[in-house]
Amino acid sequence: KIRMALTLHYIDKDEFSSSSHSLEALMLLPQSMVSSGKLAGSRGFSIGELLKKANLPSGYASTGYAIALDGIATLPIPLDELLQGLVVYQDRSSKQLATGRAGGPLRLCFPDGVAMQPSVCGKTEREPVTLKGVCRLVIYTVEGVRKITHDLDRSGSRIMKHMNEDHAASLLAYAAHYGRLHGVAAVATGLEPRGYQLRVTMPDGSSTTRFVAFPRPLHRASDVRAVSVEMHHTAFAALGIRYKLAHGFYSDAARHAMGGLKKELAQTTVRQITLGIITGTLAVAMAYFTIRRRIR
């Protein structure tokens, strides 16, 4: 069985495409070597070569970001810098990059001075991006970024209000599973194409912020619902039955199911009333015309 190691997403205004690539196929790309830093001597392929293999029109692209297996995502990276990135799969001894501390099976890195961002480990210093366990690369065109940003500007406040009021337990589970923060409350304070910005209240009363990336990219604002539901089930499944019982997973599921049932019953009642009115009106009209014909 061939296991897909990396998925590449390309998002334009009216186009959303994805292609998955096995480690075996990726290892056939022209090889490059890391020249400096902790990974010096390691080997991999450039993102530029990956885009060529996928036949993506990189000339129209604007920016991109990467997502790791553990849900961590980089900040957006300008395309001219993203193309300088290397995805490493072999260590300096030519062995396949191990998972865990080594960051395999694929690890994204950049040369000195390129793709400078705060460390994903929480450090404040800016340094070249290095992302262990990278599994997705997301490429946006200028129009693609403009479209999704415009959509979220219009609907983001409504979506966050809904999540904060009706799905607070989901946000808290996102913080625990994806953000590694076990708090007592979580509120969505920001929403962007990459994910949610959360403010998490800790057991000692302090609060901290944590960005939680979507496991897959958005093409339109309406995608937020499906992705959020997916994250809800993934987070609670990973956190286990004790967490589910302590945080109302089953009671919330029952409440939302009852809410959906009531909505469906209400819609059915409205349909029945409407049909009754139409049927009654037609009956009265038919009776009226029958009486008129008899009078004549």
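His219 lies in the loop that runs between β15 and α6. The model is predicted. The points below cover this residue, then the sheet and the helix on either side of its loop.

- His219 counts as buried because its relative accessible area is 8%, and buried means under 20%.
- The side chain of His219 comes to 3.3 Å from the backbone oxygen of Asp12.
- The side chains of His219 and Arg220 are joined by a polar contact of 3.3 Å.
- Apart from neighbours within four places in sequence, His219 is in contact with Ile11, Asp12, Lys13, Asp14, Glu15 and Phe16, and also with Lys147 and Ile148.

**The sheet with β15**

- Three strands form an open sheet in the order β13-β14-β15, and their pairing is antiparallel.
- β13 (185–192) and β15 (207–213) are the edge strands, each pairing on one side only.
- On average, neighbouring strands of this sheet are turned by 25° against each other, direction ignored.
- Seven bridges link β14 (residues 195–201) with β15 in the antiparallel sense.
- Arg199 stands opposite Thr209 of β15.

**Helix α6**

- Helix α6 covers residues 223–239, 17 residues in total.
- From first C-alpha to last, α6 reaches 24 Å, close to the 24 Å expected at 1.5 Å a residue.
- The buried residues of α6 include Asp223, Val224, Val227, Ser228, Met231, His232, Ala235 and Phe236.
- An α-helix has 3.6 residues a turn, so residues three or four places apart point the same way.

Note on methods: Residues are numbered from 1 along each chain as its sequence is written. This is a predicted model: local features need pLDDT of at least 70, side-chain atom pairs count only at pLDDT 80 or more; totals for chains, interfaces and linings use all residues. Side-chain values use heavy atoms; hydrogens and water are left out. Helices (H or I, at least four residues) and strands (E, at least two) are DSSP runs, numbered from the N terminus. The expected span of a helix is 1.5 Å times one less than its number of residues. Buried means under 20% relative accessible area, exposed over 50%, partly exposed in between (1.4 Å probe, protein chains only). Two strands pair if DSSP finds at least two bridges between them. Axes are lines fitted to C-alpha atoms, for helices over the stretch in contact, and angles run from 0 to 180 degrees between N-to-C directions. A polar contact is a pair of N or O atoms within 3.5 Å; within protein, one must be able to donate a hydrogen and the other to accept it, and residues adjacent in sequence count only if both atoms are side-chain atoms. Contact means heavy atoms within 4.5 Å.
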